[in-house]
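Here is a quick tour for anyone opening this one up for the first time. Have a look around, then read on.

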Amino acid sequence: MTATQPRLSYSYDDYCTLPEDMSRRYELLHGDFFMVPAPTTQHQRILRNLNSILQRHIEHHNLGEVLFAPVDVILGQGDLREVVQPDLIFVAAHRREIIKLHGIEGPPDLVVEILSRGTEVRDRGYKLTMYVRHGVPEYWIVDPESRTVDAYRPESRNHLTPLRYGEHDVMTCPLLADLKIPLRNLFAD
């Protein structure tokens, strides 16, 4: 007879006791720790370009604040809390109170993940449903290989069906009035 190992589930308190090691980042999803691999240079260039575009627009219109990884986004309550470190986060000005010293407590208005080999399944699967479950109004998945952005928005018929933008498209965002992103600028080296 084989003994079954009980599933060990980690809590937010366990997460808070992890050593501060800037060479490793972790996320807490459904009671499990996941190490987040270091991003590629292509990933970092896309993040830099997107941050630059959004930062200018958001500051010019005084819309809120843009933050980027590593910063904890804490979703849920009690033992069901989960912690993610999205690549880029926007919090609207009228919701700034969710930005705390140790991280963001509650759903940001916009979450952006830039795909990496080690994160694609999680970003398109569990994290997508988690962001929907916690009420994130807009979630973008940037795919460096296909040079596309999938935008998941609640006003679409099915929140789990994205609007797909290609590198020759101009992307808009209802949350950020008048924003237009020529995606060729996002994917520029």
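How many nonpolar, polar and charged residues are in the lining of the second largest cavity? By class, that lining has three nonpolar, one polar and three charged residues. Here Ala, Val, Leu, Ile, Met, Phe, Trp, Tyr, Cys and Pro count as nonpolar, Asp, Glu, Lys and Arg as charged, and the others, Gly among them, as polar.

## Ground rules

What you see is a predicted model, where local features need pLDDT of at least 70, side-chain atom pairs count only at pLDDT 80 or more, and totals for chains, interfaces and linings use all residues. Residues are numbered from 1 along each chain as its sequence is written, and side-chain values use heavy atoms, with hydrogens and water left out.

## The overall picture

The protein chain has five helices and 14 strands. These are DSSP runs numbered from the N terminus, with helices being H or I of at least four residues and strands E of at least two. Of the 189 residues in the chain, 44% are buried; that word means under 20% relative accessible area, while exposed means over 50% and partly exposed is in between (1.4 Å probe, protein chains only).

Now for contacts, meaning heavy atoms within 4.5 Å. Among those with a separation of 6 or more in the protein chain, 50% are between residues 24 or more positions apart.

In soluble globular proteins, nonpolar side chains tend to be buried together. A nonpolar core here is a set of buried Ala, Val, Leu, Ile, Met, Phe, Trp, Tyr and Cys residues joined through side-chain atoms within 4.5 Å. The largest one holds 26 residues, and the members that touch the most others are Leu54, Trp140 and Ile181. At least two residues each come from helix 2 (41-61), strand 6 (88-92), strand 9 (110-114), strand 10 (138-143), strand 11 (148-152) and helix 5 (183-186). Helix 2 gives the largest share, six residues.

## Two arginines to compare

Start with Arg153, in the loop between strand 11 and strand 12 (163-166). Is Arg153 buried or exposed? Arg153 counts as buried because its relative accessible area is 3%. Its side chain makes a polar contact with the side chain of Glu138 at 2.6 Å, and another of 3.3 Å joins Arg153 and Tyr165 through their side chains. A polar contact is a pair of N or O atoms within 3.5 Å; within protein, one must be able to donate a hydrogen and the other to accept it, and residues adjacent in sequence count only if both atoms are side-chain atoms.

Arg147 sits in the loop between strand 10 and strand 11. Arg147 counts as partly exposed because its relative accessibility is 26%. Leaving out residues up to four places away in sequence, Arg147 touches Tyr165, Gly166, Glu167 and Phe187. With Glu167 there is a side-chain polar contact of 2.9 Å. Arg147 and Leu183 are 36 residues apart along the chain, and their C-alpha atoms are separated by 8.4 Å.

Searching the whole structure turns up two cavities of 30 Å³ or more. On a 1 Å grid over the protein atoms alone, a cavity is a set of points where a 1.4 Å probe fits but cannot get out, and a pocket is an open set with protein on both sides within 12 Å along at least five of seven lines; lining residues have an atom within 4 Å of a point. Grid points are joined across faces, edges and corners, and a volume is the space filled by probe spheres set on the points. The second largest cavity, at about 40 Å³, is lined by Gln42, Arg45, Ile46, Pro144, Arg147, Phe187 and Asp189.

The second largest pocket has a volume of about 270 Å³. Its lining includes Thr40, Gln42, His43, Arg117, Asp143 and Pro144, and by class has two nonpolar, four polar and four charged residues.

Ala69 and Pro70 are joined by a cis peptide bond, with omega about 0 degrees. Pro70 is in the loop between strand 3 (64-68) and strand 4 (73-75).
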